[in-house]
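The following account leads the reader through the charged pairs of a protein model and then through the build of one of its chains.

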Amino acid sequence: MAQSRLYIKESASQTAGPYVHIGLAPGAAGFDIYRRELGWDIAGPNARGERIRVEGRVLDGMGAATKDVLLEVWQANADGHYAHPEGGGPVEDGFRGWGRVITDFDTGAWGFDTVKPGPTPGRDGRLQAPHLNLWLVARGINIGLNTRLYFDDEAERNTADPVLNLIEWEDRRSTLIATRTMRDGTPLYHFDIRLQGDRETVFFDI
Amino acid sequence: MNAPGEFYQRDRDLHPPAFAPGYKSSVTRSPRCALLSLQGSASEITGPVFGHGDLDPGDNDLLSNYAKPGESPIGERIILHGRVLDENQRPVPKTMVEVWQANAGGRYRHKKDTYLAPIDPNFGGCGRTLTDDDGAYFFRTVKPGVYPWRNFGNNWRPAHIHISVFGSGFAQRLITQCYFEGDPFIALCPIVQTIPDPEAIVQLTAKLDHKATIPLDTVAYKFDVVLRGRRSTLFENRLEGN
């Protein structure tokens, strides 16, 4: 199909502001309006693979935990398929691969339960190491920030990952790698996001 | 037929920079390292798919979705409608559009909002809908009021409705704000003025749509949202490497 040459411009981004919760996560913010809140169940009941929990904080340039951030996650299933017509293959019934959480109003902590994704195809046919795609918005963030979370128990795949290898400064690659521990028998990955300053997280223009 | 490829590079000259000191909250929340540009893989060109099972039919009517039976919120009754398009002027069908806003007095139903204007017992201030096959959406609501915020001490946000749109791929994810034509606070707002391109501000300003008003009932404003478009993969290998 021939491409239209009558291009128009993308709408400019604006900050999600301090009250993003009432729009995108009203239930999580204690505001009961919708019968069904979006984004709280990422993997669904039928997803295969390892059940995991991911937790962290979002730190500002002063090193303080932000308490008004909304995060969204987009991920493949354990087979490396996204729940999308171009996602590479089928996913389990009920697997969305998408979720959204807010940072706690008091502590700044965020967390979600999901399954660990499998490797996904990269741009040039090389496999990408398992990863979660994250998108952050908040007051003071003028355009949503994209980053990725990789897993520290996937060292071999991480070493070969085409995106991690694009990061010129090798010590910055570690800002994208979550650390695994166990809690009550469930794998827990810890991942802090640093918006600015020392060990600033790598953000992507995707 | 050629499969659609990755999304066009984002035009950063029309988006606000991360660091925009006139909007003070951005100072410590803006990355200082350059963003690392990625080509689109499956991780970027795909995104969540929503359906009518995810919402209720009345979710796009803010005049009634939080009001007590037989009552309605105070304020100027408006319809906000338009289309979600991409940069190729193609409609973006079946995509989730979510909105949130202050009430007619400029107060949000949010526990962190302490502005002295009162909460409206009949107004929640959020709504959502899916675009139709033509990319069209509509909401019914009240026009939000302006409200003060600290920043330089005496700043006022122009009347605005926050809008969140998904598109078909995660790379299209966008949150913006819809302003209303004729509002003198647009030119004075440090958040609006983070946008470097004046035409991009005009594009975020809803126009009165007189023909779409409902006589003796509701004023209408038209607001289109444009998401990134996708290339055709003319002579290129497919993403998955054939």
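In this predicted model, Lys94(B) forms a salt bridge with Asp133(B), the closest N and O atoms lying 2.7 Å apart. A salt bridge here is a side-chain nitrogen of Lys or Arg within 4 Å of a carboxyl oxygen of Asp or Glu. Lys94(B) belongs to the loop between strand S3 (77-86) and strand S4 (96-101) of chain B, and Asp133(B) to the loop between strand S5 (126-130) and strand S6 (136-142), so the pair ties together parts that are 39 residues apart in sequence. Helices (H or I, at least four residues) and strands (E, at least two) are DSSP runs, numbered from the N terminus. Lys94(B) is partly exposed, at 39% relative accessibility, whereas Asp133(B) is exposed, at 59%. Buried means under 20% relative accessible area, exposed over 50%, and partly exposed in between, with a 1.4 Å probe and protein chains only.

Residues are numbered from 1 along each chain as its sequence is written, and chains are lettered from A and ligands numbered from 1 in the order in which they are written. Local features need pLDDT of at least 70, side-chain atom pairs count only at pLDDT 80 or more, and totals for chains, interfaces and linings use all residues, while side-chain values use heavy atoms, with hydrogens and water left out.

Other salt bridges cross between chains. Asp68(A) pairs with Arg29(B), with 2.9 Å between the closest N and O atoms. Glu72(A) is buried at 0% relative accessibility, and Arg173(B) is buried at 3%.

Within chain A, Glu50(A), Lys116(A), Asp153(A), Glu154(A), Arg157(A) and Arg180(A) are linked in a network of salt bridges. Over all chains, the count comes to 30 salt bridges.

Chain B as a whole contains two helices and 14 strands. Its C-alpha trace spans about 60 × 40 × 35 Å along the principal axes. Of the 242 residues of chain B, 57% count as buried.
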